[in-house]
Amino acid sequence: MILQSLPTYNANSTPKEFQAVAVHRTNLSKVSRLWRNVTLGTPKIWSDIVLCLEQPRTVASLAAQLKRSGNAPLNIVITNWPHKQGTSLQSWLDVLVSSANRWQCLHILTVSTLIRPKIFHALEGFEFPSLREVTIDMYGWSAYPRFLLPDQAPALKSLKLAHFVPTPEFAAAMTLTTLDLKVIQRLPDHTCRFPTFVPTESLTVLSLAGDTTGWAFLPDSIHLPRLGVLKLAVTNPRPVLEAIVAPKLFNFDYSPRLLSKPVDFGTGSKFNHVQRLTFDVPCPNVEGVEALCREFCGVRHNRSRQTIGQAWKV
């Protein structure tokens, strides 16, 4: 019953929702003496560690929480951290990395651009054998975090990076099944071909959003044998779709990055095996809907996120 009273969160949760986990845990321990004893003696309740200024704590209290968490897998959240408080964050990280082998999820959100490299540097020399899910807002930082390389995070399954700059250093474990990249235009000195930095054999869900100007895509060069879900919200979807070969793709989600630009896929019937389609096309862009119809002619289930007049059927 106590565990059911705890709020749940996922990679799409907001910083405030993450903070609610710690607040609610404290409130549970105040219900009664019985609840306090159960709360303090249940490791899973203490496995969610949230570091933010809104919930001030000491190094001692953080160490106590780690002790109470026993051997439970840890979910680490670092959020709402300005650059003026970098010293205290460093002392907390020094405590947390002592349990690096138990890290299961890591979320770094709304952190100062001056703090982010300090976090990456603090984690760089450690291995995270149990780390499976990572979400990071990379705003203001172009270097790829080295602690995410395959030899340091060999069990990684889900990776979500916002404000990501494509870089040759990008690499992830072959266990990766979900990749979500919200990219910004690559830097002039960065050259990157998609297949060189993605473990294409294992991916089942791929999401690309943002400015892909300058990305190098060769026709039929990205083989994704297990991909089932593809989400695109990029400046130019055509070269991406021309490059992808995904025989098991059944779900395609499309949102135009440039609303005023006509949609043009032009890959013929390459994706006629796709069964589900979710799209977001501006009302005036009837040509965009027609282009989707031509490209995904085998669709049996479709959903529009915007009203475009009369719903179209296949």
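Reader: Which residues touch the most other members of the largest nonpolar core?

Author: L159 and F252 do, in a core of 71 residues. A nonpolar core is a set of buried Ala, Val, Leu, Ile, Met, Phe, Trp, Tyr and Cys residues joined through side-chain atoms within 4.5 Å. Buried means under 20% relative accessible area, exposed over 50%, partly exposed in between (1.4 Å probe, protein chains only). Helix 5 (residues 86-96) gives the largest share of this core, five residues. Helices (H or I, at least four residues) and strands (E, at least two) are DSSP runs, numbered from the N terminus. The model is predicted: local features need pLDDT of at least 70, side-chain atom pairs count only at pLDDT 80 or more, and totals for chains, interfaces and linings use all residues. Residues are numbered from 1 along each chain as its sequence is written, and side-chain values use heavy atoms, leaving out hydrogens and water.

Reader: What is F252 in contact with, leaving aside neighbours within four places in sequence?

Author: Contact means heavy atoms within 4.5 Å. The partners of F252 include L230, L232, L241, V274 and F296.

Reader: Why is strand 6 largely enclosed?

Author: Five of the six residues of strand 6 (residues 178-183) are buried, so the rest of the structure largely encloses it.

Reader: How does strand 6 pair with strand 5?

Author: Two strands pair if DSSP finds at least two bridges between them. Strand 5 (residues 158-164) and strand 6 are parallel, with six bridges. L181 in strand 6 is the bridge partner of L161. Strand 7 (residues 205-210) also runs parallel to strand 6, joined by six bridges. There, L206 stands opposite L179.
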